[in-house]
Amino acid sequence: MIICDTHCDTLYMRALQPGHTPCVTMDNMKKGGVSLQTCTLFAGSQGVSGHPYEKAMAEYAAFKLLEKTEGWRRVDSPLEAREGEVQILLSIEGGEIFEGSLQRVQEFYDLGVRMAALTWNNENEIAYPAKGGSREGIKPRGWELLSLMARLGIAADTSHLNEAGFWDLIDRHSQPPMASHSCAMSLCPHFRNLTDEQIRAMVRRGGWIGVNFYPAFLRPDGKAAVRDIVDHIDHMCQLGAAKHVGFGSDFDGIECTPVDCQSPADIPAILSELRRRGYDEEAVADIAGGNFLSYYRRLGYK
């Protein structure tokens, strides 16, 4: 079975938080059977004023060191994922890393980036974040960058994006968008989560959603377990997303985890809970990673 996780902040932790110990390690990924781990290059919390490009390059350097010293391997396409092998896909979190430049988009594509969250919690040249409450959509320069992203094959990631921007992507972007690490608002009313209407729209457009493992996004009381992760997955499946949902853990980017899912080594517990609830092996395999690979096939990957 191919297992994919579409978001972790391990490279930021390794490059810029040296006092912290990451939970996403080669050993834990192997224990959990992870085939493809998406590692993001995070812009940092200060937005356009916080030197996001330099931070991203420091994180990329941390990845190159992991390649050299710990055997991490990057793929150019998610479809290169193989059962029994751990491979890495790169993403961006915070489109300010692009500095509004088409050349930067090309540069990061050439480095292996295959998805980009247009915002974190800050406004940038592309769009507005969900946190700010803005009702403005994608900016003109944002559309120019998105056009190039689509031509290259960089998925537009709506996690952290405001609702107006989300609907702009649903209605106007040439490629189906995705949400790398988001949960269901109807189960936990947090501004970072997706409404049922948004989830259904993702399904209609052929998009994809990775359920976040952050307890504050899973339960209003912030006390979460594997069963809560599966509650969100199951809720999205009930809305028609059985072929459009998977895992977006946010490991190493969250200050706490579900009590029984603290690292990639614990992902098999999610699969067991899905089986306990009656999901058959085909459905479990889809959620584990098959749906994510199908999404990239819809983007034109072969």
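Entry 1, H3 and H4. I looked up how these helices lie, and H3 and H4 are roughly parallel to each other (angle under 35 degrees). The axes of H3 (residues 52–70) and H4 come within 13 Å and cross at roughly 10°. I note that the model is predicted, that local features need pLDDT of at least 70 and side-chain atom pairs pLDDT 80 or more, and that totals for chains, interfaces and linings use all residues. Residues are numbered from 1 along each chain, and side-chain values use heavy atoms, without hydrogens and water.

I then listed the contacts (heavy atoms within 4.5 Å). Tyr53, Ala56, Met57 and Tyr60 of H3 meet Arg104, Glu107, Phe108 and Leu111 of H4. I find six nonpolar, no polar and two charged residues in this contact.

I checked H4 (residues 102–111) against H5 (residues 140–152): their axes come within 10 Å and cross at roughly 30°. H4 and H5 are therefore roughly parallel to each other. On the H4 side I find Leu102, Val105, Gln106 and Tyr109, which meet Arg141, Glu144, Leu145, Leu148, Met149 and Leu152 in H5. Seven of the contact residues are nonpolar, one is polar and two are charged.

I looked for buried residues (under 20% relative accessible area, 1.4 Å probe, protein chains only). In H7 (residues 196–205) they are Gln198, Ile199, Ala201 and Met202. Seen down the axis of H7, they fall within an arc of 160°, so they line one face of the helix. Their cover includes helix H6 (163–172), strand E6 (178–179), strand E7 (208–211) and helix H9 (226–241). Just after H7, I recorded a positive phi of about 80° at glycine 206.

Notes: Axes are lines fitted to C-alpha atoms, for helices over the stretch in contact, and angles run from 0 to 180 degrees between N-to-C directions. Helices (H or I, at least four residues) and strands (E, at least two) are DSSP runs, numbered from the N terminus. Angles under 35 degrees count as roughly parallel, over 145 as roughly antiparallel, 65 to 115 as roughly perpendicular and the rest as oblique. Ala, Val, Leu, Ile, Met, Phe, Trp, Tyr, Cys and Pro count as nonpolar, Asp, Glu, Lys and Arg as charged, and the others, Gly among them, as polar. Buried means under 20% relative accessible area, exposed over 50%, partly exposed in between (1.4 Å probe, protein chains only). The arc is that of the directions from the helix axis to the C-beta atoms.
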